[in-house]
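This report describes selected local features of a single model. The sequence and structure are shown first.

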Amino acid sequence: MFHSFRFILILLCIIEFPSFSTETNTARIPQYPLKQERRIYTEERMAVARANIDQYERAKGIANKEILRASEWLSWEDKDLFNLIQPPNISRAFNVGTEGCPKCGKEIFEVGGTYPWKLDIKNPLKVECPICGGVFPDEDHPDPGRGWVGPTGHKYWFIGYANHWNLYEKLLPGIRYLARAYLLTGDPKYSHKSAVLLYRAAEVYPGMDYHVQSRYGELQEKNGARYEGKFVNKIWETGVLHMLSESYDSIWETIDDDEELQALVGKTGEEIRGFIEANLLEEGIEAVFDKRISGNYGMHQRALIYAALSRDQGPVDEWLDSVVDGIHPDIRHIGLEYALYNLVYQDGVPYETSPGYNFSWIRNISEIAQTLNWAGRNMFENPKMKTLYEGVLDVVQCGQHTPSLGDSGNVWRGLVGQDAYTFQAAYRAYSDERYRGFLEKFGATGESGFTTFETLFYPSIEPTTETLQPQEPRLLDGYGMAILNNASDTISMSLYYGYKGGHGHYDRLHFEIFANGWPMTPDLGYPDFMNAYVPGIFSWSKNTIAHNTVTVDAGRQVNNERGIVNSFVGSDRVRLVEVDAPATYPQCETYRRLLLMVDVDGENSYFVDFFTVEGGDQHDYSLHGPPGEFESIGGEWTEPASGTLAGATVEVGELYDDPMMGAEGYSGSFAGYMGSGFQHFIHPQRLLSGDVIAEYRHKKDDSARIRIRILPTQDQEIILADAQVSPVKHKDLIKYVIARREGKDLKSHFISVFEPYAGESFIESVTLEKTDPDYAFFTLRVKKHDGSIDEIQFSPNPIPYEKAKLPSQVLLVKLGIDDDSTGVYDSFHRLSLSERPSKREGLEIRNVPNRAEIKTFQPDDGTAVIEGLDLKWSDPTLSGNYLRAIKAKGIDTVRVNEVQESDGTDRIVRFAGDLRVGKPHITSVSGTRVITDALFEFGPTYRGCFLTDQNFTDYFEIEDAGRGFIELVEPLPEGHPLKIGEDAWVVLLAPKQTVLSLPSFNTSKPVRFRQNQE
């Protein structure tokens, strides 16, 4: 054990290493026979890597880089290296605190980001400020081991931060660098140093308890919660176990011949191997099952597989079985066979709302699948696996950007998923040219495909001359994203309406426009920290008002129920999506957005936004462009006011509308903040008179511009205000345009036009006429600089035919008409579900649904026989079209791959994707209730879906569902096929269900007719 006087010196940060010892009070002994062979990087796989290194300079460069990283550890004396890994009673902290440097304050985050402090491994318990150069702790800022409390009461964890990051970024990766260098060179000098550190890690590992030894554990303890982990927090610890397991598997064979190591620790080679296998691998495996090591889905599974293969002996098959088909009360630990259906939407997007976090799932699952292949288990045969890769590509905008939804990305964006290892695995598994085209896009084929150490172990993928084809407008109805784009996919729009999952924001019906190579109405991206004790994350970054949507009653969105797609149709020049999400705010009867995209020519398009809100006493319709230059064209404004939008006396970031969280000395979590976020807006101005065009010029490309026009549909106050991208780290100011209405039980119609353009604007003017106040019937006229006029007639409410001489709930788009409204134009209609195709007053109505009924459905291959499916108004194959399935609550929209004629009016329809959306494992059945221990994450989305047995014998409609139960509409009949102890399925469709057909995008011919002269 460490001598007390030496320990005191360490705590005073006079850096002198603790006395050498191999003693531990918590040492384990092996439970199983010792390891017999290398299981991860076998000789067969090493042969592939060596061949690549010999043939390709890039592969050789990766190998040399690993060796170079390892070489820096060779100069260390074994005892000094050994003692760099601190004992359990030295704290760990991934943040010093949230107030920054004691001398420089929060400016340190602007300079260095979230983790800004400089470290020196030779002074492993010290931190240095990158601004003032101060080294802490010092005499004025003493840290006795668990932080220094400053004059304001804020605690600074200098020692914990240094210990955490030296472990996580230096020492633990160093173990793996050394092990990999041994694999690549066969030189035992590398394996020896790796084994020294591995033994020390094993010595302290059983005593590591992150909750009682860390800053974040202390914060959680105050809230009555635990924050598990070992060396580091339980999420990041998954990577630690992965690294250590891989390293031991790589060098274990050298330990029996390593006399220096044996002399250092006073054990034989066999005893050392047993010590590491018991105290690192077995301890780590148990910690995974105990959830002391637990991350996002795939992280701990990957760690467990590596630890199981590295351990080699014992119940390895049982450990691997738990990864494949295990049942666990924590949804993040259920087997992959269940997770692919219970934690992944039908479009292949995992549970996290954030594309960045979702891709970490996909990367981990890909590695799980490839590693399980080494154990003879082929997960790529599961049809749901392929949808994971499809989902990554389907959300891409203009071939260049992934939306920055939730805790993901930034205002500049770029592509998520540019990971060679993941899409090389996908291409090897499925030979899909789309995947190879994506690899080609970011230079990951041929020799350039060698990007990481892991990629060395597979043959290169030959380059291709094929490029990715432009995507069509599409719905990811499981995830909750609608995408409209032009034919060349140079302009696009994404609308998010989904169920809020992990790392999501309160941003339902938020949209982003992408044009001129940039996000032009960007989501703000990843918050300052991922830390519940930082208020700005919840009062701004995650809050509704920060997004392009409507805030009701000065509070963030409340309920978590996804929106319903009412319309998703289009012609060659016009596209629209309409989504209703009334449950978002409990006081609202309607919370609905219709976005219309109109092409001007092959390169330019504009968007029209119709947002209808009914209920509540204050509506704030919030819009913004990108960082950069802003100009208000027209209008007379007040001078910028002091304070914030929350009030002249309310300071920036002040939690003015939450007395508990805003109280002095509050130190709890801010995750429950429900307030407005208005306190983050500065320089508020109000429009006094006139019409206004808000023009934005992109900070990184002056030619990339967008104009936003909010039209005067009702009595509304127009406000301009600035807000930082994030409260601490990202200081770029973005100008917001807010239309506000106040009154009792409001009904608001917000209408705006978005004109993205490069260099020169193409819209001369936009005017709006409200022709029927009772039914809110609007006529919008968009005049372009070439003299042509587009006219859009819209009503959010049903209108009697005799009043409007048009169908109910109409959207009529007339393109390129003359000034006197004569001539020809395209038409486009949005009708209620009861409407049938018809002709009225010489107006041929197109793009309307026709009802049909499913006769038979086979969920495992995604085919159905549908009676009465009318193909008259659409592509005869319906390829790329969507059918809308009518549910007890709302509608599901499913994509069609192809349609074939059958007998009479029957059609055989093959759907895209996997319409099996849940996989319960039944533990009990009683009346209408079915209990499952294979838990769901998307339970509330199952209302109106169907429960069926493994053989699809019968279908039972679902009334409601939660994580562990399914409530049916009717009690199960006697003799039903559901069996306790067996799996079942939740499916989107069932026989006798009604579906609506809609015409496909970009295939229908323009409808031309003469304007009625009545």
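## Polar contacts and local features

The side chain of Lys784 forms a polar contact of 3.0 Å with the side chain of Asp790, a polar contact being a pair of N or O atoms within 3.5 Å, one able to donate a hydrogen and the other to accept it. The model is predicted, so local features need pLDDT of at least 70 and side-chain atom pairs pLDDT 80 or more, while totals for chains, interfaces and linings use all residues. Residues are numbered from 1 along each chain as its sequence is written, and side-chain values use heavy atoms, without hydrogens and water.

Lys784 belongs to strand S25 (residues 777–784); strands are DSSP runs (E) of at least two residues and helices (H or I) of at least four. Another side-chain pair, Thr445 and Glu440, is in polar contact at 2.7 Å. Thr445 sits in the loop between helix H19 (433–441) and strand S5 (474–476).

Relative accessible areas are classed as buried (under 20%), exposed (over 50%) or partly exposed (in between), with a 1.4 Å probe and protein chains only.

| Residue | Relative accessible area | Class |
|---|---|---|
| Lys784 | 4% | buried |
| Thr445 | 8% | buried |
| Arg413 | 18% | buried |
| Asp553 | 32% | partly exposed |
| Asp745 | 58% | exposed |

Arg413, in the loop between helix H17 (383–394) and helix H18 (420–430), has a positive phi near 50°. Asp745 also has phi near 50° and lies in the loop between strand S22 (733–742) and strand S23 (747–758).

Phe136 and Pro137 are joined by a cis peptide bond, with omega about 0°.
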